[in-house]
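The structure comes first, then the notes by topic.

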Amino acid sequence: MDQLRFADEEFVMPISAAPLPVAPIPHHALLLLLLQVGLLLLLALLLGRLAVRLRMPAIVGELCAGVLMGPSLLSTVIPGVADWLFPQEAAQMHLLDAVGQLGVLLLVGFTGVHLDLSLVRRHGARAAGVSAAGLLVPLAMGVGLGLLLPGVMRAEDADPLVFALFVGVAMSVSAIPVIARTLMDMGLLHRTVGQLTLVVGTVDDAVGWLLLSIVAAMATTGLDGGELALTFGELGLVLLCVATVGRLVVRHALRAAARSEVRGLPIAVCVVLVMLSSAGTHALGLEAVFGAFLCGILIGRSADEVGPPRLEPLNTTVLVVLAPLFFATAGLRMDLTALADPVIALWALAVAGTAIGGKFIGAFVGALGARMTRWEALALGAGMNARGVIEVVIAMAGVRLGLLTTEMFSVVVLVAVLTSVMAPPLLRVAMNRVERTADEELRERRAVAWHTPLAPRSGSGSGSGAGPSASDFG
């Protein structure tokens with residue numbers, strides 16, 4: 001019991017044991033966050049426009065914005081400014097990461113909205129075959145390369161076999177956000193090849209995260225068969241919930257929002273649904289973007305309850321503000337100065353060649369086996385090669401698990417950049433030789449109803465869809 005004394009008298013009175021309110025974000029931390037967001041977004045938009053003029057997707061410029069502001073350039077040229085503006089403190093970086101994560105989850109959610117489920121049902125077997133080849137070939141080649149890499153690329157205490165398995169996983173993944181943004185910027189999301197690329201990428205990404213969790217268990221506590229079975233069980237439970245309860249919840253929520261007279265309520269409901277779905281899969285140990293993607297599919301199936309144009313303001317905000325900021329934030333973690341060492345540079349070429357060749361060969365062979373034309377197979381292989389920030393996330397996981405050195409981390413990041421840059425020109429060449437179908441015309445008209453950015457302005461790509469490009473805004 002605390003005591004309060006007034007003059008010469010003593011009064012005993014209880015003091016509330018309730019905890020004090022959590023202090024708000026410190027003044028300096030808030031100042032840095034505002035400067036980081038403003039400068040990164042400004043540079044991302046400028047470089048994104050430059051990339052479009054150079055006939056590349058805006059995402060290339062947005063990634064480069066982070067690279068220029070990160071340790072690859074700013075920290076080398078003006079270290080004092082870099083240390084002040086981007087201090088290497090977890091708490092400060094996590095604030096920026098939180099803003100970027102909001103953007104990528106909503107981007108992946110809207111990607112799911114435009115997935116043509118009828119196409120998935122019609123071509124599910126073909127997509128499964130392409131996905132298997134596109135995953136297993138680079139995985140095998142990556143494991144083989146991992147066994148050959150010198151010790152300088154492997155952390156001192158890392159087990160060689162676990163390290164090799166990790167390299168194989170890193171070589172086999174794709175990146176749904178990067179693939180989606182590239183297809184959007186080039187006006188290919190409504191094309192059949194674009195839809196198949198998205199489906200195959202989703203499967204590969206899900207399997208890739210599962211394999212990463214297995215390798216992580218081997219690197220830490222060892223492989224537990226019970227934990228592996230639990231992971232598969234959780235994945236099955238998520239899919240079952242999405243197909244039953246999730247579909248009903250989304251449909252009724254959107255229907256109620258559409259009937260309401262509150263302005264912008266459908267947008268708020270969609271954001272809530274995507275966030276909660278992401279939280280659900282993340283809580284189960286699966287990736288948050290997986291939940292966002294599944295929720296986006298359900299929203300797309302129930303979009304008529306709301307009316308697509310009512311969701312366009314959110315779509316635009318995500319594409320021109322939140323997504324560029326996320327990609328720029330990812331670029332901040334790239335340090336390419338380690339590649340100045342000739343030995344590291346040679347091994348970097350070997351890793352990049354294995355990653356690009358393995359993924360391309362696997363997807364190309366799988367597509368040919370599924371009776372796709374050579375140009376369709378080429379386009380699919382090019383699209384599946386885009387790894388982007390997912391590769392960076394996996395590289396960071398490798399460092400956290402004690403598997404990668406700084407040199408190997410930089411090499412894996414280089415693969416992320418190269419594959420993101422090379423995908424658009426190959427896609428452009430291949431898709432110019434793929435004839436349009438009636439189904440694609442129908443999907444394009446549906447996309448126009450959403451005012452979705454499908455076709456860049458002249459000079460930014462060869463897609464022939466309607467509507468402005470994401471990089472045309474602002």
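S131 counts as buried because its relative accessibility is 4% (buried is under 20% relative accessible area, exposed over 50%, partly exposed in between, with a 1.4 Å probe and protein chains only). The model is predicted: local features need pLDDT of at least 70, side-chain atom pairs count only at pLDDT 80 or more, and totals for chains, interfaces and linings use all residues. Residues are numbered from 1 along each chain as its sequence is written, and side-chain values use heavy atoms, leaving out hydrogens and water.

**S131**
- S131 lies in helix α7 (helices are DSSP runs of H or I, at least four residues, numbered from the N terminus).
- Apart from neighbours within four places in sequence, S131 contacts V200, V203 and D204 (contact means heavy atoms within 4.5 Å).

**α7 and α15**
- Helix α7 (residues 124-148) packs against α15 at about 155°, with the axes 7 Å apart (axes are lines fitted to C-alpha atoms over the stretch in contact, and angles run from 0 to 180 degrees between N-to-C directions).
- The two helices, α7 and α15, are therefore roughly antiparallel (angles over 145 degrees).
- Residues of α7 in this contact include G129, V130 and A133, which meet residues of α15 including W347, A350 and V351.
- By class, the contact of α7 with α15 has 13 nonpolar residues, seven polar and one charged (Ala, Val, Leu, Ile, Met, Phe, Trp, Tyr, Cys and Pro count as nonpolar, Asp, Glu, Lys and Arg as charged, and the others, Gly among them, as polar).

**α15 and α16**
- The axes of α15 (residues 342-369) and α16 (residues 374-384) come within 8 Å and cross at roughly 145°.
- Ten nonpolar, one polar and two charged residues form the contact of α15 with α16.

Methods
Parallel < 35°, antiparallel > 145°, perpendicular 65-115°, else oblique.
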